[in-house]
Amino acid sequence: MVDDTILWLDACQSTNDEAAKYIRNRQYTTVVAHYQTRGRGRLGRTWHSPAGCGLYLSHIVFPKCSQQIGGAIPLLAGVAVAETCEALGVNVELKWPNDVLVGDKKLAGILCEAQGLPSQWNAIIGIGLNLKTPSSGWPEDVPGVALDALCDAPVDPRSVARTLIRRLDDRIRALENEGTASIFDAWMTRGLALGTRIRRGELEGQFAGLTSEGALRIQTTHGMETVHAGDVHVVRGE
Ligand code: BT5
C-alpha cells in the first residue's frame, strides 16, 4: 500500500528537507505537508505554500540507472504532474526545465535534489501543485493558478498525492528499463512547439528539442547551443 510509506505532516519548513531525513532508514518514501513555512524553489527562490492551498510533496527515489540518465528526472516529474492533472480533466503545458503551466500561469513547480555516489544515488523530487486559490489571492510576485479554478469537481489532496506518486514510480521504472526516450516523447507532446523563439540569458533562438540528457537545444544564428540549467523565457511578438 502506498499509504504506509507516506508521512503526512501538518507543517514543516520544506518537505524536501524533511524527506532528506528518511533517505537512510527508508521509513517513508514520501513526505506531504498541509503547509510549508519555508517552501523552496530553485536558485534560492521561495515556493508560496499557504495552508491547505497546495500539495507540497517530496518523493524519494533510488533510481537503478546512471546519474547521467537521471538528469531526466525533473522532466519525468513534469510528465507525472501533467498526467495527474489530465486525470482530473486539466491539460497543462510543460516549460523547460520544471514549470507546469496553464496559459501564462504556474500550476506547479518542481525542485529535484540528487545526492550520493554514481553507483548508488538518490533523488528527492519536490513538487508544489496548487490545489486551491488562496483566499487572499495570489501575491504580486506569484503568477499562480490552482486546480480549483480549472476543475469542476472538488479535488481531494490525498487522492491527488497517491495518483502523483504512482505516476512518478511508473515513470522511474520506465527510465530504468527503457531509458529516456518515452519520457522525452511524453514531455515534448506537452512542451513548447519546436521552433518557438526562446531566450536564456544572452542566448536567443529557436527551440530545437532536447539532448539525450534532457538539456535544451537552442538554434541560434551562430549555431546550435545547449542549455543545461537556468530559466528560459519565451520571446513573444517578434
Ligand atoms: C520551482 O522553483 O518552481 C520549484 C518549486 C518546488 C516547490 C516544492 S513544494 C514541495 C517541495 N518542498 C520544497 O521546499 N520545495 C518543493 P522556481 O522555478 O525557482 O520557481 C519559483 C518561482 O515560482 C517564484 O519565484 C515565484 O515567482 C513562483 N511561485 C512561488 N510560489 C508559487 C506558487 N505556489 N504557485 C505558482 N508560482 C509560484
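**The ligand and its pocket**

A: In the side chain of lysine 106, an N or O atom lies 2.8 Å from an oxygen atom of the ligand, a polar contact being a pair of N or O atoms within 3.5 Å, where within protein one atom must be able to donate a hydrogen and the other to accept it, and residues adjacent in sequence count only if both atoms are side-chain atoms. The model is predicted, so local features need pLDDT of at least 70 and side-chain atom pairs count only at pLDDT 80 or more, while totals for chains, interfaces and linings use all residues. Residues are numbered from 1 along each chain as its sequence is written, and side-chain values use heavy atoms, with hydrogens and water left out.

The backbone takes part as well: an N or O backbone atom of arginine 40 is 2.7 Å from an oxygen atom of the ligand, and a polar backbone atom of arginine 42 lies 2.9 Å from an oxygen atom of the ligand. Of the 790 Å² of accessible area that the ligand has on its own, the protein covers 93% (Shrake-Rupley method with a 1.4 Å probe; for residues, only the protein chains shown count as cover).

The shell around the ligand holds 29 residues, of which Ser14, Arg40, Arg45, Lys106 and Asn130 come nearest; a residue counts as near if one of its heavy atoms lies within 4 Å. By class, this shell has 8 nonpolar, 15 polar and 6 charged residues, where Ala, Val, Leu, Ile, Met, Phe, Trp, Tyr, Cys and Pro are nonpolar, Asp, Glu, Lys and Arg are charged, and the others, Gly among them, are polar. Helix H1 (15–20) and strands S3 (54–61), S6 (105–117) and S7 (120–130) each supply at least two residues of the shell, with helices (H or I, at least four residues) and strands (E, at least two) being DSSP runs numbered from the N terminus.

The ligand sits in the largest pocket, which requires that more than half of its atoms lie within 2 Å of the pocket's grid points. A pocket is, on a 1 Å grid over the protein atoms alone, an open set of points with protein on both sides within 12 Å along at least five of seven lines, whereas a cavity is a set where a 1.4 Å probe fits but cannot get out; lining residues have an atom within 4 Å of a point. The volume of this pocket is about 930 Å³, meaning the space filled by probe spheres set on the points, which are joined across faces, edges and corners.

Its lining comprises 43 residues, with Arg45, Trp47, Asp99, Lys106 and Pro143 nearest the centre, and it divides into 14 nonpolar, 17 polar and 12 charged. The elements that each supply at least two lining residues include H1, strand S4 (93–95), strand S5 (99–102) and strand S12 (233–234), while S6 gives the largest share, 5 residues.

Between S4 and S5 runs a loop that contains proline 97, and the peptide bond from tryptophan 96 to proline 97 is cis, with omega near -5°. Leucine 43, in the loop between S2 and S3, has a positive phi near 50° although it is a residue other than glycine. In general, most residues other than glycine have a negative phi, and most peptide bonds are trans.
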